[in-house]
Amino acid sequence: MEKKVLIVGSGLGALSTALRLSSMGYSRIKIVEKYHSPGGRLNILKDQGFTFDMGPSFFSMSYEFDELFKACGMNNPLKFRKLDPLYSVNFAGSERLFRIFTDLDKLAAEFEGIEPNFKEKAQKYLENAGKIFHDTEYKVVKSNFNSTPSYLLSLAQVPWKHAPRMFYSMWTDLENTFESEEAKVIFSLVAFFLGATPFDTPAVYKLLSYTELVHDGYWNVEGGMYKITEAMVKELEQRGVQFEYGVEISDYIAKNGKVTGFTDTRGNIHEADIMVVNADAASFRGEIFKRPKFSEEKLDKMDWTLAPFTIYLGVKGKIEGLNHHNYFLGSNFRDYADKIFKLSVNPEKPYYYVTASSKSNPECAPEGCENLFILCPVPDMRYKPNWSDAEALADVIIKDLGDRVGYDISSNIITKIVMPPTEWKDKLNLYKGSGLGLAHGLNQIGAFRPKNQDEEFDNVFYVGASTTPGTGLPMVVISSRLAVERIAEFDKKQEPVLA
Ligand SMILES: Cc1cc2nc3c(=O)[nH]c(=O)nc-3n(C[C@H](O)[C@H](O)[C@H](O)COP(=O)(O)OP(=O)(O)OC[C@H]3O[C@@H](n4cnc5c(N)ncnc54)[C@H](O)[C@@H]3O)c2cc1C
């Protein structure tokens, strides 16, 4: 009898894994999800004719989705749209808007009068970043490692010329490249995707600038990002995969070194032969398996990415001063970066990101209106557990945005939803509200990241942002490929156990 697979969580990691497994012939797959709808962070909110992507608003490495669909015998059901410009950046106190184009001549024009010889400097920086990307993509990012030595061996195969950049920061590299604060800050924004600041991110991660500006750029999806989730769920349902929502796993049953079932908060037992955990790979080990290495005290000592403070606004009127993707930065970058992880956000100088997806997806807002998604990175709940000031903070950010784009947003709000880190935690079990999961310092990547096969129960596998290789939509799709490789190796050695 064919083996049963249970997947805990229905984020992109889960959906990609289920698609791959069903294509390999597994036909008894069940997905249980705590939230009321699928997608995890790749979710949707709807109110009064507005729809909002709850989390991700763009992605890099679009070819990872193409690979996934191809490997699963499907035509890509989504229409991807390349962003051009990628985004725009405004610094507080300045009228200037930097539009970030992938065309270097157009990009250089944005820095005219700010950064002398911008094009030559950017070209050199990006060439080096590209070499790092291509020298590590397959050896480090897209491989499973069976042990720390095998990981270190792979690292040793990366050309040694990149090694020094492990030991100094991205900011130092940028200081050696550009003169203007504006160019340095804009090129350093990629560090925040890793959950760190450019001052403590190793310079090797400049490879992310190559992925955004040269390699494949940024993409979003016609109709909104949630189309990804909808398309995958539709395909899985057609393939007979079962979904159960509002089911939170809280305990497990094990026998002979295998987990035979997960128990939910209502006491129901979900049995299977193969278990895939899409919940956070670190906190699940602590909270459900009670592993001392992942106790709350130990988890708190790990490095986590910043928490999201998100605001979803349905606004009457069209806002000319906004593009599809926009960064609004303060004017005190070093001070901001020093404090943002541990101290509360400074309401007088907020740094935030805004997507107005109605600019290119008119169906996301009623006619003549905009749907705004505002993301302000804030310290996680280890440092700020109480968010009773969420509404007040949201109002400050909305006022700041209105002033900077020259539109009275506050008086034209039709709907407003505010989600502080506490809500992200409650809805999706994000550890202490951390938005992207475990951070990507050298001590938390590769063999040092929580593994995608459990240490104790060999039929339990992990997929998603906090296991290998890391966070972000394309990484999570890669993570499903690596997890499925593990499952295939495991399954080859097993006999069916459940009827
Ligand atoms: C605000 C925000 C903006 C982002 N923007 C971008 C972006 O623009 N581009 C990009 O590439 N990435 C972005 N990311 C990161 C990206 O969303 C994640 O890396 C990715 O979606 C993680 O997918 P996942 O499958 O690992 O986990 P998740 O999407 O978190 O899915 C895990 C699922 O498991 C469920 N679960 C947890 N515990 C249990 C349990 N005990 N029982 C049952 N179910 C459980 C959760 O409810 C959740 O649905 C963003 C993230 C956030 C929060």
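Helices, which are DSSP runs of H or I with at least four residues, and strands, which are DSSP runs of E with at least two, are numbered from the N terminus. The model shown is predicted, so local features need pLDDT of at least 70 and side-chain atom pairs count only at pLDDT 80 or more, while totals for chains, interfaces and linings use all residues. Residues are numbered from 1 along each chain as its sequence is written.

**View 1. The end of helix α9 and the glycine that follows.** Among the buried residues of α9 are Leu207, Tyr210 and His215. After α9 comes Gly217, which has a positive phi near 70°.

**View 2. The largest nonpolar core.** A nonpolar core is a set of buried Ala, Val, Leu, Ile, Met, Phe, Trp, Tyr and Cys residues joined through C-beta atoms within 7 Å. The largest one here has 141 residues, and Ala18, Val276 and Val354 have the most contacts inside it. Helix α16, residues 473-492, gives the most to this core, with 9 residues. Both domain 1 (4-75 + 222-300 + 437-492) and domain 2 (103-216) contribute residues, so the core lies between them; the domain bounds come from an automatic or database domain assignment.

**View 3. Helices α1 and α16 packed together.** The axes of α1 (residues 12-23) and α16 are 8 Å apart and meet at an angle of about 40°, where axes are lines fitted to C-alpha atoms, for helices over the stretch in contact, and angles run from 0 to 180 degrees between N-to-C directions. This makes α1 oblique to α16, since angles under 35 degrees count as roughly parallel, over 145 as roughly antiparallel, 65 to 115 as roughly perpendicular and the rest as oblique.

**View 4. Two cis peptide bonds.** Most peptide bonds are trans. The bond from Asp84 to Pro85 is cis, with omega near 0°, and Pro85 is found in the loop between β5 (80-82) and β6 (87-91). The bond from Thr468 to Pro469 is also cis, with omega near 0°, and Pro469 lies in the loop between β19 (460-462) and α16.

**View 5. Asn256 in a loop.** Asn256 is a residue other than glycine with a positive phi, near 50°, and its place is in the loop between β10 (249-255) and β11 (258-264). Asn256 counts as exposed because it has 7 C-beta neighbours inside 10 Å.

Terms used. A residue is buried if 20 or more other C-beta atoms lie within 10 Å of its own, exposed if 12 or fewer, and partly exposed in between; C-beta atoms are placed from the backbone.
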